[in-house]
Amino acid sequence: MESKPRMLTILDGITILLFLTAVGMVFFYAPLEAVMGQVQRVFYFHVANAWVGMLGFMVAAIAGIAYLRKGDRKWDIVGLSAIEISFVFFFTAIVSGSIWARGSWGTWWTWDPRLTTAAICELVYAAYFLLRQGIDDPDRRARFGAVYALLSFISVPLTFISIRIFRTIHPVIIGSGGSGAEGSFDMSPRMLQTFIFSLITFSIIFADLLWHRIRLGKLAEEAENLRLKTLQ
Amino acid sequence: MEPISQAEKQLTRKSSAPGLGQFIRAVSAVIWKDLAAELRSRELLSAMLVFALLVILVFNFALELDAGTRAAVTAGVLWVTFAFAGTLGLNRSMAMEKDRGCLDGLLLAPVDRSAIYFGKAIGNLIFMLIVEAIVLPVYSVLYTVNLFNPGLLLIILLGSIGYVAVGTLLSSMAVQTRTRDVLLPVLLFPLVIPILIAAVKGSTGFLQGVDIADIRPWINLLLVYDVIFIAVAFMVFDYIVEE
Amino acid sequence: MIITVRKLVKRFGLKTVLRGMDFSVASGEFVALLGPNGAGKTTFLRILSSLSRPTMGQVSIAGFSLPHQAAAVRRRLGVVSHLPLLYGDLTADENLRFFARMYDIAHADERISDVLEMVGLASRRRDLVRTFSRGMQQRLAIGRAVLHDPEVMLFDEPHTGLDQDACQMLDTVLQEVAARGRTVVMTSHDLARVGDLASRFDILSRGVITSSIQRSDMDPNNLLAYYRQAIAEA
């Protein structure tokens, strides 16, 4: 069994540093937003989380295609890991989105396209896990997982578009409105810097976690392999 | 390559367009088989119909509405009904193949795998349309709403096509798992949300005489969804049935 | 050699069922494939019938290799497993008609009548398969399998669940099927029956063929002893 690669340890270190810096930037570097006050700071992490969640979904879909074409089990581990991590990131995005909504409009939930789509993604992931759970044969589990990841990745943009059209034709006024249904605001240069920095930080956190999770998956498979060998 | 035996030459047809002709023949054979079997047993249709009518009845009590509000929710009620009754049909259709090992029988035939998919999908579509054709008049009568609107029928057709395209794919997966029947709705509903949204908004639009320009986006969405998923199904079905 | 298998490996995830199997069958041979439960007989037959893909190794039937030329192979194969692969809600006639269309068979009516005669079910052709006994369903399944006159036939434990009479009827059909010069590979638990039918006996144990003997080289009455010894040695 290979020991933890040097690169991964370095990446861990970088990730922690970046994260601490990002937190620092969010609280001390970025200016206080006029309308919403401290609550607005949620925004930086909220969008980054959602972005990374989507990234994870894309990685899973690509890994799915790779598995179907090559049959190499490592792609299945990549796909599963990506979806697991994406699940957590979307969850954080939804919670932070909820806090944002509370701060902006006084409600815990808005049916805006992005938040709703994120919630639907969570349901899709739950379905993915249930699907895998119901299959004993590892090859079939990987194949079906890949197919479902691909199918759902295609349907999610369509879902987003349909909710969007729904909203433009029938705009729903949430709470006290504010500047547009999604609560957008103008970003000063420092806000923009913080925002982009958060985005990059979270992408690196994603890569770090993904690497760890893939390693975990591979080790688990090796352990299973050894166990079967002793049985036979 | 071995020379083809005499007997084989006699038995197999020589068709001028072997690929496509054989494909269409196989698809129609599968459809005919499903229809003939269903005609005998009537299990699938009766289950779907009874369920659909029950759901409509339950809605009547669950949502106690005046005539005006009812008109607004008609499309929603109808589509929820179709979606749930649809999963029954999809499950039964695939279970029939899996239980007696018939799926192997289909896979052994020298036809392209996608012929099996199209045969099953079109069969499922026919069953769904039959159920819808019965539910619509019943709903009309029970709630005094005129549902004979060509626009509405178009939406129902497009929506059903998309639903069945994805549903047949997913039911072929679900039937091969331990959790089978329970799993199909869980897998299916998140993926058909675009259809449900577009179909409900489109249906309501036609029922309330909304300007066609406003309904256009919904029709387009349904068309795009149908085309994309039928194309994807074509490519992906092999991986679902091959071992 | 009409069937050639070289170094066939089949893995399910981390579990290896077939471990580098070699197997070949000449045209017209009737090979009985014997072995204990879990040896991989059904897995092997599924790979030969193109329903399952090999993990490694080469398989070729009638000159076409699996899995890449699977469609060509299917046309030349007839498969009978222990599940009937028939539709209960259709009549015998309708079942055969369906498969005739799937296999693109010319003169289907004639062919279906001939086949029903051969398996002794001509009088029941308009009855629902649901009402057939297991023995009758098996015979119809064989009918389905020979409909397109395949060169190679694969049988996976066809005698399972049949009583004496049904077994005897099945054997008559099997003999007729084999008599036409077809190649047959049959797995079985029933050594007594197999002794009369096969021309060669192979033992599959723990994922490889451990022994193979021609009928002419041994006394078929000693098949049981031979089998036990071969398993013990493996």
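Predicted model: local features only at pLDDT ≥ 70, side-chain atom pairs only at ≥ 80, totals over all residues.
Let's start with one pair of residues: Phe30(C) sits opposite Val184(C), which belongs to strand β8(C).

**Around strand β8 of chain C**

- Phe30(C) is placed opposite a residue of β8(C), and strand β3 (residues 30–34) of chain C pairs with β8(C) in the parallel sense, over four bridges.
- Strand β7 (residues 152–156) of chain C also pairs with β8(C) in the parallel sense, here over five bridges.
- Within β8(C), Met186(C) is the bridge partner of Phe155(C).
- How much of β8 (residues 183–187) of chain C is buried? Five of its five residues are, so the strand is largely enclosed by the rest of the structure.
- In a regular strand, side chains alternate between the two faces of the sheet.
- In β8(C), Thr183(C), Val185(C) and Thr187(C) point one way, while Val184(C) and Met186(C) point the other way, and all are buried.
- Bring in helix α6 (residues 164–179) of chain C, and you get a right-handed β-α-β unit made of β7(C), α6(C) and β8(C).

**The four-strand sheet of chain C**

- Chain C also has an open sheet of four strands, in the order β2-β1-β4-β5, with antiparallel pairing.
- β2 (15–25) and β5 (64–66) of chain C stand at the edges with a single partner strand each, so one side of each has no neighbour in the sheet.
- On average, neighbouring strands of this sheet are turned by 30° against each other, if you ignore direction.
- Strand β4 (residues 56–61) of chain C runs antiparallel to β5(C), and three bridges join the two.
- Val59(C) has Leu66(C) of β5(C) opposite it.
- Helix α1 (residues 41–48) of chain C lies across β1 (3–12), β2 and β4 of chain C, and runs at about 60° to β2(C).

**Where chain C meets chain B**

- The contact draws 31 residues from chain C and 29 residues from chain B.
- On the chain C side, α2 (70–75) and α3 (92–102) of chain C each supply at least two residues.
- Which element gives the most to the side of chain C that touches chain B? That's α3(C), with four residues.
- Sorted by class, this side of chain C has 15 nonpolar, six polar and ten charged residues.

**A helix pair in chain B**

- Two packed helices are described by the angle between their axes and the distance between the axes.
- Helix α7 (residues 150–174) of chain B packs against helix α8 (residues 180–191) of chain B at an angle of about 145°, and their axes are 9 Å apart.
- The crossing of α7(B) past α8(B) is right-handed.
- Among the residues making this contact are Val166(B), Gly167(B) and Leu170(B) from α7(B), and Leu183(B), Leu184(B) and Leu187(B) from α8(B).
- The residues of the contact between α7(B) and α8(B) split into eight nonpolar, two polar and one charged.

**Chain A**

- Of the 232 residues of chain A, 35% count as buried.
- Among contacts in chain A with a separation of 6 or more, 79% come from residues 24 or more positions apart.

Notes:
Residues numbered from 1 in each chain as written. Chains lettered and ligands numbered in written order. Contact = placed C-beta atoms within 7 Å. Nonpolar A, V, L, I, M, F, W, Y, C, P; charged D, E, K, R; others polar. Buried ≥ 20, exposed ≤ 12 C-beta atoms within 10 Å, placed from the backbone. Pairing = 2+ DSSP bridges. Right-handed = clockwise from strand over helix to strand, strands pointing away. Axes fitted to C-alpha atoms, helices over the stretch in contact; angles between N-to-C directions. Left-handed = near helix turned anticlockwise from the far one by under 90°.
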